[in-house]
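Hi,

Here is the structure I promised to pass on to you.

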Amino acid sequence: MPKKKMIAMLLAGGQGSRLGVLTKSMAKPAVPFGGKYRIIDFPLSNCVNSDIDTVGVLTQYEPLALNAYLGSGQPWDLDRMNGGVFVLPPYVSGSSGRWYSGTANAIYQNIPFIDQYDPEYVLILSGDHIYKMDYSKMLAYHVKKKADATIAVLTVPMEEASRFGIMNTDGEGRILEFEEKPKEPKSNKASMGIYIFNWRILRPYLVADEDDKNSDHDFGKNIIPKLISSGAELYAWDFKGYWKDVGTLGSLWEANMDLLGSKPEFRLSDKEWRIYSKSPAMPPHYLGADSKVKNSIVSEGCVVYGEVEKSVLFTGAHIGKGAVVRDSIVMPNAVVGEGAVVSKAIIGEGAVISKGAVIGCEPTPEDGTYDTKLTGDITLVANTVTVPEGRRVPVGMIVK
Amino acid sequence: MENAFGLIYTGDASMQLRELTFSRSVAAVPFGGRYRTIDFMLSDLVNTGIYNVGIIAQKNYHSLMDHLESGKEWDLHRKRDGLFVLPPFVTHDNTGVYKGTVDAIRSCMGYIRRASQKYVILMGSHTIYNTTYNEMIAEHIASGADITIMYNRVGDYDMSEQFDDLRIAFDEDGRVTDLALNPVRPATEFASCDAFVMEKTTLEYLVEDAYAHALNDFTSDVLIKNVKNLNIRGWEFKGYVARINSLGSYYRHNMALLDKDVSKELFSSGHPIYTKIKDEFPASYVGEGQAVNSIVADGCMIEGRVENSVLFRGVHVAPGAVVRNSIIMQGSEIGENSSLDNMILDKNVTVGVERTLSGHGSYPVIIRKGSKV
């Protein structure tokens with residue numbers, strides 16, 4: 001097989017348990033985002049736009065939705081004769097075989113896949129972040145610094161630094177120390193979970209790590225610290241721009257809201273850096289004569305007769321007459337029936353909010369106590385659930 | 001899979017579509033916010049299970065080729081069969097410009113002979129509907145007809161829009177007894193939908209025979225002349241049919257999509273209409289921007305007001321602008337505080353600030369592709 005300069009390995013095995021019932025039957029990277037996309041469209045489109053044509057997608061949790069979505073890779077121009085997109089699940093070999101036990105182990109188990117391409121560099125990505133990044137710039141930096149590994153870092157507010165993996169660097173950008181969620185951070189350069197390694201360097205470390213019984217087989221916890229302590233050249237590459245970990249319902253909701261407005265926090269209408277996605281072949285959306293859509297984004301196949309404000313309507317969503325949707329995310333093919341009211345909610349794919357139901361209303365004593373640890377003030381209706389006519393669902397409740 | 005292939009003739013004269021067809025064939029005319037007319041023919045064929053499609057290009061086919069590319073959006077990039085674009089070419093017995101449909105079909109005899117399917121569906125490119133041909137093919141086979149014509153019932157008709165209007169009369173057995181092209185007083189309400197099923201060998205014979213007799217037009221020289229000799233039958237289509245044969249009908253059929261029942265018929269989810277994907281961001285409504293009773297495609301940014309209109313992909317309506325009863329094609333810009341009523345804006349038209357443009361419902365005004373107002 002022809003040699004590749006750099007290939008990408010996309011870690012898409014995450015269950016995304018903090019997204020609650022949204023990830024009950026699909027892996028986090030398959031979760032819909034931004035009206036017509038799924039989370040995995042972002043790293044995949046970034047790869048293609050950065051001239052990376054070979055991407056291995058490592059899956060193990062509920063892979064059906066993701067596999068079906070990726071198909072031949074055609075929507076991302078990744079249906080290639082030489083390269084393309086490959087779904088790489090864990091497998092049985094001989095009498096042994098096992099699940100991916102950590103990010104490093106997942107790459108370790110796919111060494112033969114990577115070796116086929118004999119790449120100089122391997123780009124490690126995770127499938128749960130929303131951002132636009134030109135990896136070719138990161139690679140240019142990596143090459144210029146003659147680094148063994150380069151980690152993309154984001155400058156975060158100092159008071160939030162203790163939530164991240166923090167890189168302490170010298171003036172040249174060389175990483176001196178890596179601290180996972182430090183109590184007293186010395187820097188505010190947070191790892192974005194995006195790494196470029198010289199494959200020649202990384203490969204033996206993966207093999208050695210596999211033999212280490214005490215290792216968690218994790219890049220952040222094990223591989224990076226070992227590289228630093230053994231004197232490898234690690235550099236931090238500063239990324240400037242929008243980046244969001246959509247691992248929680250709150251951050252998923254916020255990231256969707258960041259798309260609204262004429263000068264949105266996160267602009268996706270950039271013709272030079274398109275985000276590609278699989279098209280469901282639906283007609284343009286229709287707004288009825290009495291509809292009121294304000295400050296929202298609306299996708300193909302939507303039909304709106306009611307009122308929509310500060311919301312994101314995904315492909316094929318239907319908003320009935322007299323219904324009101326505010327500050328909400330309505331996922332693909334969900335239906336909000338006549339007169340229903342939806343406030344600050346996430347309505348899952350294909351869910352039906354029947355006539356007159358109220359989602360996200362003030363709780364009353366009859367609602368009893370329910371867990372809002374995952375939801376906070378966001379109300380969540382699971383995929384394909386039907387909320388019966390007139391039902392009231394209080395703030396922060398999960399309907400499954 | 002049906003044992004049939006499709007042959008779409010896109011060389012129709014540009015009729016009364018005026019500026020719409022200055023730089024493109026009828027098949028490439030934008031329709032319904034994100035489509036081109038050819039998308040309907042291709043999707044109908046593919047939804048039928050026909051994956052061998054020849055497209056006879058005649059002139060102005062650059063934008064058509066651009067749109068079709070490899071055919072992958074219609075699942076027609078195939079190793080076996082797939083999409084074949086058949087542009088004219090010069091040979092010792094061909095000047096490169098077709099004298100008519102017979103000549104055009106004859107010049108792609110190579111493709112027709114190679115097709116392994118028994119039946120062919122011959123289609124024009126200005127009649128839009130959403131159907132599958134399975135039932136029509138089955139009926140064609142069962143009835144033993146030489147040719148089966150798809151038709152529908154048309155109501156009152158504006159004669160000024162008459163183009164390629166083939167009216168059909170049947171006897172009580174359903175056999176066609178008369179065909180009349182563009183009759184001044186149509187004797188029947190049955191009009192051809194420009195789709196014909198026949199055996200491939202029938203098409204080969206009829207075209208070679210017509211050519212040998214220096215006849216050029218398939219409709220008038222082959223069909224009409226042979227009504228008595230051939231067993232021609234009809235298959236009635238009961239759904240919505242849009243004949244894009246004048247600027248007026250183009251405007252009306254786009255506006256008809258604002259009717260829920262019409263859009264349901266043309267875009268029924270069981271038979272999706274495929275088109276070229278542009279990967280635009282969904283439409284964004286910002287500030288005071290609003291749209292009512294309108295169709296809006298992805299990539300639009302609405303900051304003004306839109307009423308009773310069809311907006312194609314990537315249209316920007318600036319704050320204070322008002323768009324009413326209009327069709328705005330891909331990539332057009334409507335400047336601040338401008339007002340449009342009963343207009344058709346072709347692709348990439350820029351309307352400056354505080355302009356007022358207005359046509360009439362019965363005579364919409366069209367602004368040519370790429371113009372600046």
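**Pockets and cavities**

This is a predicted model, and its largest pocket has a volume of about 1,600 Å³. In total 49 residues line that pocket, and those closest to its centre are Arg18(A), Ser126(A), Asp128(A), His129(A) and Asp245(A). If you want to find the place on screen, those five are a handy set to click on.

Which parts of chain A build the lining? Helices H3 (103-108) and H7 (219-229) each give at least two residues, and so does each of the strands E8 (121-126), E10 (149-155), E12 (175-180), E13 (189-198) and E15 (243-245). The largest share is from E13(A), with four residues. Sorted by class, the lining of this largest pocket has 19 polar, 17 nonpolar and 13 charged residues.

Now for the second largest pocket, with a volume of about 810 Å³. Its lining holds 33 residues, and the ones nearest the centre come from both chains: Gln74(A) and Pro75(A), along with Lys72(B), Glu73(B) and Ile277(B). By class, this lining splits into 13 nonpolar, twelve charged and eight polar residues.

The largest cavity has a volume of about 90 Å³. Residues of chain B line it, among them Pro30(B), Tyr35(B), His67(B), Phe312(B) and Lys347(B). Three arginines are also in that lining, namely Arg34(B), Arg36(B) and Arg313(B). Its residues divide into five charged, four nonpolar and three polar. Where in chain B do they come from? Domain 1 (4-266) and domain 2 (284-367) each supply at least three residues of this lining.

The second largest cavity has a volume of about 70 Å³. Residues lining this one include His126(B), Phe163(B), Asp164(B), Leu166(B), Thr219(B), Arg243(B) and Asn245(B). Strand E11 (residues 190-199) of chain B gives the most, with three residues. Ser192(B), Asp194(B) and Phe196(B) are in the lining too. By class, the lining of the second largest cavity has five polar, three nonpolar and three charged residues.

Cheers

Technical notes
Residues are numbered from 1 along each chain as its sequence is written. Chains are lettered from A and ligands numbered from 1 in the order in which they are written. This is a predicted model: local features need pLDDT of at least 70, side-chain atom pairs count only at pLDDT 80 or more; totals for chains, interfaces and linings use all residues. Side-chain values use heavy atoms; hydrogens and water are left out. On a 1 Å grid over the protein atoms alone, a cavity is a set of points where a 1.4 Å probe fits but cannot get out, and a pocket is an open set with protein on both sides within 12 Å along at least five of seven lines; lining residues have an atom within 4 Å of a point. Grid points are joined across faces, edges and corners, and a volume is the space filled by probe spheres set on the points. Ala, Val, Leu, Ile, Met, Phe, Trp, Tyr, Cys and Pro count as nonpolar, Asp, Glu, Lys and Arg as charged, and the others, Gly among them, as polar. Domain bounds come from an automatic or database domain assignment.
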